[in-house]
Amino acid sequence: MMPIHRRLETVGRLLYGDRWQRSLAADLDIPAPTFTRYARGEREMPSELETRFAEFCERRANALVEAANQISDVGRMTLVAQGSADHRVDRGRYEDHMATA
């Protein structure tokens, strides 16, 4: 398993970019200087904080999946609406063509 300081960095960079330490420390409710020591591997992270971090990751992952599902639903609805509009336009063209034929 990846060491905790590497997991902190991986998740932090994915969520917050290059300025990840303060943001992740705040989300985990850990003082920034203490968090920095954990993130550098200078200090061992207590197991209860590791558990808090794992729970945070799970909540964030669930929120991202939910957001992705909502985006996908909107995308599908847009495609369906566009398909209906395209069908109406094609039918209109067909009716126009039949009227002039």
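Helices and strands here are DSSP runs, numbered from the N terminus (H or I, at least four residues, for a helix; E, at least two, for a strand). This is a predicted model, in which local features need pLDDT of at least 70 and side-chain atom pairs count only at pLDDT 80 or more, while totals for chains, interfaces and linings use all residues. Residues are numbered from 1 along each chain as its sequence is written, and side-chain values use heavy atoms, with hydrogens and water left out.

Let us begin with the chain as a whole. Of its 101 residues, 18% count as buried; buried means under 20% relative accessible area, exposed means over 50%, and partly exposed lies in between (1.4 Å probe, protein chains only). Among the contacts with a separation of 6 or more, 45% come from residues 24 or more positions apart, where contact means heavy atoms within 4.5 Å.

Now to the way the helices meet. Two packed helices are described by the angle between their axes and the distance between the axes. Helix H1 (residues 4-16) packs against H2 at an angle of about 100°, with the axes 9 Å apart. The axes are lines fitted to C-alpha atoms, for helices over the stretch in contact, and angles run from 0 to 180 degrees between N-to-C directions. H1 and H2 are therefore roughly perpendicular to each other (65 to 115 degrees; under 35 is roughly parallel, over 145 roughly antiparallel and the rest oblique). On the H1 side you will find Leu8, Glu9, Gly12, Arg13 and Tyr16, which meet Trp20, Ser23, Leu24 and Asp27 in H2. The residues of this contact of H1 with H2 divide into four nonpolar, two polar and three charged. Here Ala, Val, Leu, Ile, Met, Phe, Trp, Tyr, Cys and Pro count as nonpolar, Asp, Glu, Lys and Arg as charged, and the others, Gly among them, as polar.

Follow the chain onward and H2 (residues 20-27) packs with helix H3 (residues 32-39) at an angle of about 110°, with their axes 9 Å apart. That makes H2 roughly perpendicular to H3. From H2, the contact is made by Trp20, Gln21, Arg22, Leu24 and Ala25, and from H3 by Ala32, Phe35, Thr36 and Ala39. These residues of the contact of H2 with H3 divide into six nonpolar, two polar and one charged.

What about aromatic rings? The count comes to one aromatic pair. Trp20 and Phe35 form this pair, which is edge-to-face, with 6.0 Å centre to centre and 80° between the planes. Rings of Phe, Tyr and Trp (its six-membered ring) pair if their centres lie within 6.5 Å, and planes under 30 degrees apart count as stacked, over 60 as edge-to-face and the rest as tilted. Because Trp20 lies in helix H2 and Phe35 in helix H3, the pair ties together parts that are 15 residues apart in sequence. Trp20 is buried, with a relative accessible area of 4%, and Phe35 is buried too, at 0%. Buried residues in H3 also include Thr34, Thr36, Tyr38 and Ala39.

Two backbone spots deserve a look. Asp29 is found in the loop between H2 and H3, and its phi is near 60°, a positive value in a residue other than glycine. Asp29 is exposed, with a relative accessible area of 64%. H3 is followed by Gly41, whose phi is positive, near 80°.

Finally, turn to helix H4 (residues 47-100), where Cys57 is found. At 22% relative accessibility, Cys57 counts as partly exposed. Cys57 and Val11 are 46 residues apart in sequence and 7.9 Å apart in space, C-alpha to C-alpha.
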